[in-house]
Amino acid sequence: MPSPTIKARTIKCPTCGRANKIPVAAEGAPRCGNCKSSLPWIVDADENEFAEVAEEATPLVVVDLWATWCGPCRMVTPALEQVATELAGKVKLVKVDIDRNPHLAQRFEVQAVPTLLILDKGELVARRAGAAPAGTLRSWVEQVMAGRRDSKRG
């Protein structure tokens, strides 16, 4: 059960344009209150809420470990947000500032930023370092999604 201090973020529905408040942690995946379309789930997390926000999420979670001083991190943000929008309902994007959350950087052995992780119900299933265009990132996420589906079938 989400704690009462959990924050929410307002997301504009890409389908109908309506503003929706999306909690940073919840079961399932967010849908627009107006048109019921899947919404992109893009949130920030810190060390205190990472388990609830990222590890307990049901869709695949793309974790962006970044730093404010990192130029490539600023370049990859719009690409990641585009992927999260295109794959709305299938992935959740969780952004973690490593300077403010050094224990998470240490836990995930971040040696370069941005470092991108994919978690499936808390299990680390893929990682990559460095910026890439949206198409490359989407292909990477979709490959991981397809591999997870295939491994669950067999």
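Me: How many salt bridges does the structure hold, and what counts as one?

Reply: The structure holds seven salt bridges. Side chains of opposite charge can pair when their charged atoms come close. The cut-off here is a side-chain nitrogen of Lys or Arg within 4 Å of a carboxyl oxygen of Asp or Glu. This is a predicted model, where local features need pLDDT of at least 70, side-chain atom pairs count only at pLDDT 80 or more, and totals for chains, interfaces and linings use all residues. Residues are numbered from 1 along each chain as its sequence is written, and side-chain values use heavy atoms, with hydrogens and water left out.

Me: Which residue does Lys 7 form a salt bridge with?

Reply: The partner is Glu 49, with the closest N and O atoms 3.1 Å apart. The pair links distant parts of the chain, 42 residues apart: Lys 7 is in the segment before β1 (8-12), and Glu 49 is in the loop between β3 (41-44) and α1 (50-55). Helices (H or I, at least four residues) and strands (E, at least two) are DSSP runs, numbered from the N terminus.

Me: Is Glu 49 buried or exposed?

Reply: Glu 49 is buried, at 10% relative accessible area, while Lys 7 is partly exposed at 42%. Buried means under 20% relative accessible area, exposed over 50%, and partly exposed in between (1.4 Å probe, protein chains only).

Me: What about Asp 64 and Lys 95?

Reply: They form a salt bridge whose closest N and O atoms are 2.6 Å apart. Asp 64 lies in strand β4 (residues 60-66) and Lys 95 in strand β5 (residues 91-97), so the pair ties together parts 31 residues apart in sequence. Both Asp 64 and Lys 95 are buried.
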